[in-house]
Amino acid sequence: MGKNELFQRQFLEILDKESITNVFQAIVSLKDGKILGYEALCRGPVGTPYEKPSVLFEAARQTGKIVELEWLSKAKAVEKFDKSNEPVKLFVNIDPSFFDDSHKVEQWMQNFFRDDKMDTRYIIFEMTRDSSINHFREFLEVLMKYKIKNCGAALDHMVNNSQDLSFISNVSCPIFIKLDMSFIRDIHKDQVKQILIKTQVDIANSLNFYLIAEGIEQEEELEQLVQLGVHYGQGYYIQRPAPGFLDIHPLTQRKIYEKYQSKNKIKLGDITNTKVGEISKGYLAIDSKTLGKEVNEIFESGIELQGIPVVDGGKPVGLIMKHKFYRNLGKQYGYVIFMKRSIDRIMEKNPLTVDYDTPLDRVSEMAMMREEESLYDYIIVLREGKYFGIVTVKDLLQKTTEIELNRAKYANPLTGLPGNILIEQKLKDVIAGDRPYSVLYFDLDNFKAYNDVYGFENGDRVIEMTAEVIEQRMKALEFEDSFFGHVGGDDFVAILPSYSVNKLCEAIIEKFDKRISEFYTELDRDHGYIMAQNRHGMMEKFPLMSLSIAVVNNRKQKYESVSQIAEHASKVKKKCKSCWTSNYIVE
């Protein structure tokens, strides 16, 4: 018996004995980390060559038993899935050769849907990698005949034809498109991949289908995909295939949720503390021995590049800017000389290179100090001494403008501190969490009277001093993950991940009481009061300003809303204000 004959006979025995199993890999939402469903992956007997799907399906093709294998593997997957009672979806793969006989496809579907007990709302049929769009069309048309069953369909690659996209957008069942792992691998380092995926996300959102990134193996890949807005993901980093329906590790789920939440949060940056690495892009790089003709091919490939970093052994050694490259080619004999020689002859050997942690304002300053002809050259970013990516002058300007616009929109114009929108956002975050927190409400006592006597300009100086004192004391006591905002007027809010705030309150009050006397005349300081009109228009004595701090926390009470915290804090603040000296109350 020949090897091939033995190969086929062994497969037929496996099929006859129904020795087919499935493993399952989770597909999760890249918004909250919750499980969308599991992909069922067919396997032959463990320890045999047929355990590999490629071998198993090749044997099925050779023996003409694709339909039988498809039926058996899907039936077993669905049976196990039904027993699990998981309220998620089951993705089952369909081999492309399954479509060779359209009559058999129809017959298979009729048999598959014959069991009325099967809840097929949870079934997603996935066309595997070699399936053509024609296969997908054919299968969708069959599915639409059974639309009462409400199945979904997935294609294992992105379509790029407008007619095909139009067809998919008009199908009534849920459609999922897989993004091949070749696009996912190291996507956090590759700007071209990021642009391609972002374009596909925009198309999917417009046409109402969903993208699934497969083959996620690194945390950085996952974070980049969340940032780009990809809907779902799967891969070894999230979960490896398993015989059962496993949950996602809570840390992984939390990481996805937090990354998605931070993506959509309003942030107040500052060009003095925003790192240049945060806006850098992983970029195509070449080595110094690359020929001029190869560089020319890259520039003419249609990819939007204005420059290419030159990197040897992980370290940048130069930079090729497009306009300078073609200027050299345009010289007499330049085309002949440089097209066949390595690029190190004409590359910029001393490009501006900065560390990942360099602040934006410093990078901008360094960039503007370059010679005029190099003013718009790429800036190369290093991390731990090795090439990390590039930043363009356009990137710098856009980020700086974004930061300044954000500050203008969401920060208090007097102090530059986060305003009401960001305060509310932070309060919602701590309420939703399960960690200890304290919310400190600061209010100046007798501030209105001071404003009436000394004027708004001096009143503003008092507000700025108060903000400075609170911020300095919070930094001095090193409260990590703390937040400080300016509600408006003489009201401030601090949010701390701790119940231990007494020392902080005492330090703030001590410093405030020392500083506040600077804002009064010597006569008023000696008197210990000022004369001002009260709300009834009568002259009245008002003590020198003091600071009230109302503190509420979740030690004993869990708050359900921002308004609930504010209401409780208001009651505590009234108690504080009944005392005519600086004080704090923790409730």
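Predicted model: local features only at pLDDT ≥ 70, side-chain atom pairs only at ≥ 80, totals over all residues.
Visitor: How do helices α1 and α2 sit relative to each other: roughly parallel or roughly perpendicular?
Guide: Take helix α1 (residues 3-17) and helix α2 (residues 53-63): their axes come within 9 Å and cross at roughly 100°. Angles of 65 to 115 degrees count as roughly perpendicular. So α1 against α2 is roughly perpendicular.

Visitor: Which strands are the edges of the open five-stranded sheet?
Guide: The order runs β15-β16-β14-β19-β20, with mixed pairing. An edge strand pairs on one side only, and that picks out β15 (483-488) and β20 (583-586).

Visitor: In what sense do β14 and β16 pair?
Guide: Strand β14 covers residues 438-445 and strand β16 covers 491-496, with six bridges between them. Asp443 stands opposite Asp491 in β16. The sense of the β14 and β16 pairing is antiparallel.

Visitor: Which helix packs on that sheet, and what angle does its direction make with that of β19?
Guide: Neighbouring strands in the sheet are turned by 20° against each other on average, ignoring direction. The helix packing there is α21 (residues 562-577), which touches β14, β16, β19 (546-553) and β20. Between the directions of α21 and β19, the angle is about 140°.

How values were computed:
Residues numbered from 1 in each chain as written. Heavy atoms only, no water. Axes fitted to C-alpha atoms, helices over the stretch in contact; angles between N-to-C directions. Helix = DSSP H or I, 4+ residues; strand = E, 2+ residues; numbered from the N terminus. Parallel < 35°, antiparallel > 145°, perpendicular 65-115°, else oblique. Pairing = 2+ DSSP bridges. Contact = heavy atoms within 4.5 Å.
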